[in-house]
Amino acid sequence: TTLLLGAGYRLTSIKYFKNTLVFEPPYQYRFVKKWFTDTKSTYDFLATLKTNWTDRLSSSFIAGRDQYSDVDARTFDHMYVGTGVRYGVTDLTTVNCDLRYDYNNEIAQGTQQTDYVRVTPSIDRKLTKDLSVRLSGSYEVEFQDVPGDSQNTDRFRAWIELFWQLPRLWE
């Protein structure tokens, strides 16, 4: 069993503009781009508990908290919990399945809350000693609670990843 704890400090700065109506004497109004810079800082936390049940079977539990800003300079609290299972079918092939719940809550200008539930199965195949390929897919349900409007979105994604592992420097 392995416990990994992490903490960090994040400083985010976003520069954006808004069209602002400006009065120009004597009797004229016009729109101009007014630039703003929004800076936020936060502490991030992460905990992962991994257990190797056998040589081929392992599981993990993950939990964490951070903040992020989107492209509209809105800041969200982000908390998540998840679990995963890994099974080595052979020495070269591993199947994985992760389940994760994300909670996002806007903290600055509004009250938008967005929750995600995601299932991500994948299969890894070692091609050489240092090269692996992973085929993954995920099904995600998004629950968005905007005042006056509740929205749900289903999303399916699939991707292929190629990993090249650098040799260890000190063995």
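Figure 1. Of the 171 residues in the chain, 25% are buried (under 20% relative accessible area with a 1.4 Å probe, counting protein chains only). This is a predicted model, in which local features need pLDDT of at least 70 and side-chain atom pairs count only at pLDDT 80 or more, while totals for chains, interfaces and linings use all residues. Residues are numbered from 1 along each chain as its sequence is written, and side-chain values use heavy atoms, with hydrogens and water left out. The chain exposes about 12300 Å², and 59% of that comes from carbon and sulfur atoms (Shrake-Rupley method, 1.4 Å probe).

Figure 2. The C-alpha trace spans about 80 × 40 × 30 Å along its principal axes.

**Figure 3. A cis bond in a loop.** Look for Pro26 in the loop between strand E1 (2-24) and strand E2 (28-52). The peptide bond leading from Pro25 to Pro26 is cis, with omega near 10°. Most peptide bonds are trans.

**Figure 4. Charged side chains.** The chain carries 21 positive and 22 negative side chains (Lys and Arg against Asp and Glu; His and the chain ends are not counted). The centres of these two sets lie 5 Å apart, placing each charge at NZ of Lys, CZ of Arg, CG of Asp or CD of Glu.

Methods:
Helices (H or I, at least four residues) and strands (E, at least two) are DSSP runs, numbered from the N terminus. Buried means under 20% relative accessible area, exposed over 50%, partly exposed in between (1.4 Å probe, protein chains only).
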